[in-house]
Amino acid sequence: QVQLVESGGGLVQAGGSLRLSCAASGRTFTNYAIGWFRQAPGKQREYVAAINWSGGNTYYADAVKGRFTISRDNAKNSVYLQMNNLKPEDTAVYYCTADPDSAEVYLPPRRPEGWVSWGQGTQVTVSS
């Protein structure tokens with residue numbers, strides 16, 4: 001399995017921005033699609049965004065579309081989540097996850113059970 005480590009979380013005011021990073025190791029990075037999920041206290045883990053192995057296709061939950069951008073740098077074995085215009089409801093622990101699917105036209109699982117590797121998470125807190 002690929003190992004994943006998230007970074008970049010923190011405290012930001014509403015309307016602000018953060019950039020999360022996910023560093024991968026252990027397996028061929030381009031064999032994996034990568035996704036981001038988040039989990040707020042007392043809530044289920046929810047899908048945020050995903051990107052296929054090449055970075056050519058990206059996918060977003062409706063709640064973040066137009067505000068968040070996912071990207072990847074395969075030379076650096078890294079994926080990024082640029083989060084703009086943050087809202088208090090974006091407050092959560094954000095997790096990076098991997099799916100061993102190298103299809104160019106990729107359908108990301110919207111449920112956590114569809115993913116095989118997880119990072120430890122990074123806290124994002126948005127104050128009003």
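I looked up the largest pocket and found it lined by R38, Q39, A40, P41, K43, Q44, E46, P88, E89, T91 and A92. A pocket here is an open set of points on a 1 Å grid over the protein atoms alone, where a 1.4 Å probe fits, with protein on both sides within 12 Å along at least five of seven lines. Lining residues have an atom within 4 Å of a point. This is a predicted model: local features need pLDDT of at least 70, side-chain atom pairs count only at pLDDT 80 or more, and totals for chains, interfaces and linings use all residues. Residues are numbered from 1 along each chain as its sequence is written, and side-chain values use heavy atoms, with hydrogens and water left out.

I noted a volume of about 150 Å³ for the largest pocket. Volume is the space filled by probe spheres set on the grid points, which are joined across faces, edges and corners. I sorted the lining by class: four nonpolar, three polar and four charged residues. Nonpolar covers Ala, Val, Leu, Ile, Met, Phe, Trp, Tyr, Cys and Pro; charged covers Asp, Glu, Lys and Arg; the others, Gly among them, are polar.

Next, the sheet. I traced four strands in an open sheet, ordered β1-β3-β8-β7, with antiparallel pairing. Neighbouring strands are turned by 15° against each other on average, direction ignored. Those angles are taken between axes, lines fitted to C-alpha atoms, on a scale from 0 to 180 degrees. Strands are DSSP runs (E, at least two residues), numbered from the N terminus; two of them pair if DSSP finds at least two bridges between them. I checked β3 (residues 18–25) against β8: they pair antiparallel over six bridges. L18 has M83 of β8 as its bridge partner.

Then backbone angles. Most residues other than glycine have a negative phi. N77 has a positive phi, near 50°. N77 sits in the loop between β7 (68–73) and β8 (78–83). N85 also has a positive phi, about 50°, and lies in the loop between β8 and β9 (92–99). I read N77 as partly exposed, at 26% relative accessible area, and N85 as partly exposed, at 43%. The cut-offs are buried under 20%, exposed over 50%, partly exposed in between (1.4 Å probe, protein chains only).

Last, Q13. Q13 belongs to strand β2 (residues 10–13) and is exposed, at 60%. Q13 touches V126 and S127, leaving aside residues up to four places away in sequence; contact means heavy atoms within 4.5 Å. I found 33 Å between the C-alpha atoms of Q13 and Y32, 19 residues apart along the chain.
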